[in-house]
Structure formats: C-alpha cells, structure tokens
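Dear colleague,

Please find below the structure I promised to pass on to you. My notes on its sheet and helix packing follow.

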Amino acid sequence: MKIPFYARYRTKQDREDLISCLDGSLATDGFYTQKVLRQISHIYPGSPATLTSSCSVALESALVLGGIKPGDEVILPSYNFPSAANGVLRAGGTPVFCDIDPDTQNISLSSAAAKITARTRAMIPVHYAGVACEMDALLKLAEEARLLVIEDAAQAIGSSYGGKPLGTLGDFGCVSFHYTKNISCGEGGLLIAGNEKACEDARCYRVHGTNRDAFFRGECDRYTWVMQGSSTAPSELCAALLSAQLPFLEQITRIRARRLSDYLTALKPLEQAGYARLMVIPDKAVPNGHIFYLRFASKALRQRVCDLLLAHGVEAKTHYVPLHLSPMGRKLGYGPGDCPESSACFDTLLRLPIHTELEAGQVWQIGEIITKGCVS
C-alpha cells in the first residue's frame with residue numbers, strides 16, 4: 001500500500017491554460033489575472049480582493065495597510081507558521097504569542113485577551129485545518145479592545161463560519177494557493193479587504209504604491225507614486241493555472257469533506273478508548289477538509305503510530321514548531337514555559353493523508369493501522 005500525504009488536484013484545463021498563457025502575453029494583471037478576479041468575486045461575493053504572489057505577502061500587505069507601525073503589538077497564536085510573525089516584524093511591530101484551544105488548535109480567546117495591552121493594535125487568528133475560529137466571540141473581543149482583525153485563512157478556501165466564507169469576517173483576510181492547498185497554482189495568495197477603500201489601497205500597494213489601476217481605468221492621464229508600496233502581484237502563469245483550478249472548488253471541497261467525515265467515524269473508537277482526541281468542528285463552522293489530524297495521548301504513542309503508518313506506506317506528518325519555542329521566539333523573549341497547549345500540540349499532533357485521490361476504504365485501512373499501533 002502506498003498512500004501519499006499530498007496529491008494535487010489536476011484538471012485537463014491546467015495544461016491548456018498554461019500553454020495558452022505562454023503563447024500570449026506574460027504581462028502582469030493580464031487576461032488570466034482578470035479572469036481569476038471574476039471567479040474570486042463569486043467565491044467571496046461582496047468582498048473586494050486582490051491577488052498576491054503568496055499568502056505571506058498578503059499578510060504583510062494587510063499589516064502595512066492596516067497601519068501597523070513601530071511600537072505596535074499584534075497578537076497571534078504560537079502554534080503557527082512564521083509568515084504572520086514575519087509580517088509584523090517587517091511592519092516594525094512586535095508579535096505577541098498567545099496559546100491555542102486544545103479542541104480546534106485555533107487561537108485561545110482567553111489567552112489572547114490576557115495579552116492585550118495599551119499597545120495592542122491587531123489580532124491574527126489562524127483558521128487551522130480550514131476549521132473556523134469562534135469568530136463571533138473573537139470579533140466581539142476585537143471590537144471591545146478596538147483591534148484590527150486579519151484572518152489568516154491560508155488553509156481555508158471553501159470553508160465558512162455562519163454561512164460566510166472565511167477571510168471575509170475580519171478587516172482583512174488572507175488566502176493561500178500554495179502547492180499544498182486545496183486549490184493550488186504552486187505559489188499564490190489572495191488579500192481580501194473589508195471595504196472598497198481598503199481594497200483600492202491594496203491595489204495601489206501591490207504595484208509599487210502607484211495608481212496604475214486608476215490609469216488603466218482611464219481616471220488619470222498617467223500613473224504615479226501615491227503611497228508606500230511593493231511589487232506583490234503573482235505572475236500571469238500562476239494566474240492561468242489558478243483559473244483552471246477554481247471552477248473545481250466545490251467538487252474538491254465536497255470530496256475532501258467526505259474523507260474528513262470518514263476519518264471522524266473510523267477513528268471515533270480511538271477517542272472513546274482514550275488513545276487520541278479527534279479534531280472538533282464548532283457548530284457554525286463548515287470545514288473544507290484541508291487537514292485531518294489526531295492529538296495522541298502522548299508523544300511516544302504518536303511516534304509509534306507514525307512509524308507504523310510509514311512502514312505500511314502511509315505518509316503522515318507532524319506540523320509546526322510553535323513560534324515561542326523557535327530560535328526567533330527565544331530572541332523575542334519567550335521560553336519553554338510559555339503557551340503550554342501549543343507545546344503539547346507540538347508533541348502530540350499527527351496529520352493524516354487527506355486529498356481527492358484518497359478513497360473511503362483507504363481511510364478505514366489507515367484507521368486499522370492506527371488502532372493496531374495504539375493497542376499493541
């Protein structure tokens with residue numbers, strides 16, 4: 001048996017659109033970029049958005065556009081990839097790490113609330129595994145503390161909370177099209193703005209801080225430098241591949257969500273026996289099946305199961321080193337005793353294969369191997 005951890009969804013249109021793009025112009029913001037933006041407007045209706053070269057760039061852009069400056073603090077979960085923390089540092093701010101909820105591995109609101117100071121300006125909740133944070137409570141906390149909310153929805157295309165797509169609930173939302181994501185163009189991202197004014201600023205920021213878009217709309221006779229900016233647009237080739245992938249979003253999400261449900265059913269006895277904890281889906285959250293994971297009772301048990309899965313040809317992976325435990329985290333003043341739930345998650349979480357090529361029967365086979373590893 002050989003079950004890979006990743007399997008990118010492929011369409012016949014992928015190759016055709018890439019060749020068509022190569023035969024045409026590679027100019028930035030060309031035919032395929034405009035096509036993708038039209039597709040995106042149907043996925044995130046009423047939420048203006050711009051394409052970026054990666055989700056990391058989208059996060060960095062949101063922090064700059066949100067006005068984060070030296071001396072400002074931004075709260076984010078320690079169990080996290082470094083992208084958001086790097087964005088805070090690049091804006092001149094200070095990343096402040098809080099802990100996570102053990103049921104969802106999303107931001108702990110009680111931990112985040114305890115970190116708010118007079119210098120706090122924003123929060124960056126991560127929708128881990130494509131499962132929504134408790135956004136009602138989070139947005140209430142942010143409103144009371146007058147904080148900007150930047151949703152890290154890197155893993156969450158196709159997921160929702162209360163019927164609204166993740167990435168559209170905060171002041172900004174950031175989505176990834178990295179090669180590991182449900183919809184992929186190799187590298188790419190999306191910056192969703194909470195209003196048209198913020199989106200217009202984002203459009204200027206992404207083209208070196210110029211009003212180039214306004215020029216192409218015929219609103220001025222030439223474009224010029226109007227604000228701080230950078231070059232954050234994706235290549236037209238990435239947009240071409242993305243345009244071929246996006247029409248299959250509902251199909252991809254449906255298949256992956258079924259496999260997530262299969263895992264929850266197949267592995268429920270392990271939770272009942274105390275060997276592992278299943279991921280929890282909050283009531284208002286609809287996940288996209290991006291990740292399925294277990295939290296094992298101990299680090300040793302996780303390693304035993306992981307080794308057994310690999311011996312049977314099943315690729316399984318751990319995940320983040322918590323930011324507070326990293327060398328950069330130590331430089332920022334954090335130590336092993338901080339964010340204990342993030343540390344525990346680091347020791348016990350194991351991700352299992354979940355993708356459109358995975359079959360329901362294989363999920364049950366994986367469950368049998370894990371059960372054997374637990375009870376042996």
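**Sheet and helix packing**

Residue D152 has C174, in β8, as its bridge partner. This is a predicted model, and the pairing in question joins β5 (residues 148-152) to β8 (residues 172-176) in the parallel sense, over 3 bridges.

Both strands belong to an open sheet of 7 strands with mixed pairing, in the order β1-β9-β8-β5-β4-β2-β3. At the edges stand β1 (49-52) and β3 (94-98); each has a single partner strand, so one side of each lacks a neighbour in the sheet. From one strand to the next, the twist averages 25°.

Two helices lie against this sheet. Helix α6 (residues 135-145) lies across β4 (120-123) and β5, and runs at about 150° to β5. Helix α7 (residues 196-205) touches β1, β8 and β9 (189-193), and its direction makes about 25° with that of β1.

A further contact is between helices. Helix α2 (residues 31-43) packs with helix α9 (residues 236-245) at an angle of about 40°, their axes being 8 Å apart. The crossing of α2 past α9 is left-handed. On the α2 side, the contact is made by F31, Y32, T33, K35, V36 and Q39; on the α9 side, by E236, A239, A240, L242 and S243. These residues divide into 6 nonpolar, 3 polar and 2 charged.

Yours sincerely

Definitions and conventions
Residues are numbered from 1 along each chain as its sequence is written. This is a predicted model: local features need pLDDT of at least 70, side-chain atom pairs count only at pLDDT 80 or more; totals for chains, interfaces and linings use all residues. Side-chain values use heavy atoms; hydrogens and water are left out. Two strands pair if DSSP finds at least two bridges between them. Helices (H or I, at least four residues) and strands (E, at least two) are DSSP runs, numbered from the N terminus. Axes are lines fitted to C-alpha atoms, for helices over the stretch in contact, and angles run from 0 to 180 degrees between N-to-C directions. Contact means heavy atoms within 4.5 Å. A crossing is left-handed if the near helix is turned anticlockwise from the far one by less than a right angle, and right-handed if clockwise. Ala, Val, Leu, Ile, Met, Phe, Trp, Tyr, Cys and Pro count as nonpolar, Asp, Glu, Lys and Arg as charged, and the others, Gly among them, as polar.
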